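Me: I would like to learn how to read a structural model feature by feature, with the general idea given before each particular case. Could we begin with how accessibility is described, and then move on to contacts and packing?

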Amino acid sequence: MTDPNITVALWPEPGLLMQMAALLVVIGGFAGVLAGLLGVGGGIVLVPAFFYAFQTLGYGSDQLMQICLATSLATIIVTSLRSVMSHNKKGAVDWQILRGWWVGIALGAVVGVLAASALRSSVLQGVFGGLALVIGFYLGLGKADWRLAEAMPKGIRRVILSPVVGFLSVLMGIGGGSFGVPLMTLHGVAVHRAVATAAGFGVIIAVPSVAGFLLLQIDPGNRPPLTFGAVNLPAFLIVIAMTLITAPWGVKLAHAMDPKPLKRLFGGFLVLVALNMLRKALGY
């Protein structure tokens, strides 16, 4: 016979579920606009948003961050595929970069799943907060003319860097934009081409990592309803529905206005999100 306490934990009150569904609609819409406007993947917004939503529902286990990362990465499969196909129609995707980097990125993503599966939620919060802080400062302070080199790394540098991109992206539950775009622009790739190619990075990161997270065992009493492995299906479906609607709005806004001030504003916002994650990771 099923323990009634477990049933209550699995199925929160309908009113609270409706509130969280409404919150996810807003989050998904915002993430879609952001991805289209700034070329920054929605995962960097979705992970803290999922964490807040699921924690509010009462799921504060040591595996909560794994659920947030996995669900975010599942949405990235759909959004990145759609994005890379759209960019490819305009000839903006650099397939030579993708061919040279995909194996290392995929291997790094697999190692990232293994690492994330073994870490406590508080540790993953700390990792997310620390890396998001770096990305936030780069968005806020970075300049378009910054360069490390005039060509993408090859040889041993590519062998080292490609798995790092996949590994760190999985630990943050994000696609290729946040690390891939700066990496490419700092090595002389035009920003529109970097954004298009980074969408391909997102597919390479998300597909193997989600496959791994689907095999992760989560205690049934500590996961939201309809969670398969570590992927929450309702959150995935709501966010995907919204991002598919709102991402084109972000693209139109990007062509209608100068996104640079907004990018700096978002960088500041991301720093605050990162600091809040670090605060929670430290137990304050």
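Reply: A residue is called buried when its relative accessible area is under 20%, exposed when that value is over 50%, and partly exposed in between. Please keep in mind throughout that this is a predicted model. Take R120 as a case: its relative accessible area is 48%, so R120 is partly exposed.

Me: Which residue forms a salt bridge with R120?

Reply: The general idea is that a side-chain nitrogen of Lys or Arg has to lie within 4 Å of a carboxyl oxygen of Asp or Glu. Here the partner of R120 is D62, and the closest N and O atoms of the two are 3.2 Å apart. This pair links distant parts of the chain, since D62 sits in the loop between α3 (43–56) and α4 (64–89), while R120 sits in the loop between α5 (95–118) and α6 (121–141), 58 residues apart. D62 has a relative accessibility of 39% and therefore counts as partly exposed.

Me: How many salt bridges does a search of the whole structure find?

Reply: The search finds two. As for accessibility, R193 counts as partly exposed at 28%, whereas D94 is buried, with a relative accessible area of 17%.

Me: How should I read the packing of two helices, and at what angle do α3 and α4 pack?

Reply: Two packed helices are described by the angle between their axes and by the distance between those axes. In this model α3 and α4 pack at an angle of about 135°, and their axes are 9 Å apart. Angles from 65 to 115 degrees count as roughly perpendicular and those over 145 as roughly antiparallel, and α3 and α4 are therefore oblique to each other. The handedness of their crossing is right-handed.

Me: Is the crossing of α3 and α11 left-handed or right-handed?

Reply: That crossing is left-handed. The partner of α3 here is helix α11 (residues 260–281), and the two pack at an angle of about 40° with their axes 11 Å apart. Angles under 35 degrees would count as roughly parallel, and α3 and α11 are therefore oblique to each other.

Me: What should I look for in the backbone, and what is phi of L226 near?

Reply: Most residues other than glycine have a negative phi. Phi of L226, by contrast, is near 60°, which is a positive value in a residue other than glycine. L226 is placed in the loop between α9 and β1 (227–228), and at 47% relative accessibility it counts as partly exposed.

Me: Which residues form a nonpolar patch on the surface?

Reply: To belong to a patch, a residue needs over 30% relative accessible area and no salt bridge, and nonpolar side chains are joined within 5 Å. The patch here is formed by L214, L226, F228, L233 and L237, which together have about 450 Å² of accessible area. One of them, L237, is placed in helix α10 (residues 233–256) and is partly exposed, with a relative accessible area of 48%.

Me: Is H187 buried or exposed?

Reply: At 3% relative accessibility, H187 counts as buried. H187 lies in the loop between α8 (177–185) and α9, and its C-alpha is 5.3 Å from that of M152, a residue 35 positions away in sequence.

Conventions
Residues numbered from 1 in each chain as written. Predicted model: local features only at pLDDT ≥ 70, side-chain atom pairs only at ≥ 80, totals over all residues. Heavy atoms only, no water. Patch = residues over 30% accessible without salt bridge, like charges linked within 9 Å, V, L, I, M, F, W, Y side chains within 5 Å. Areas by Shrake-Rupley, 256 points an atom, 1.4 Å probe, with all protein chains shown as cover. Helix = DSSP H or I, 4+ residues; strand = E, 2+ residues; numbered from the N terminus. Buried < 20%, exposed > 50% of the residue type's maximum accessible area, 1.4 Å probe, protein only. Axes fitted to C-alpha atoms, helices over the stretch in contact; angles between N-to-C directions. Left-handed = near helix turned anticlockwise from the far one by under 90°.
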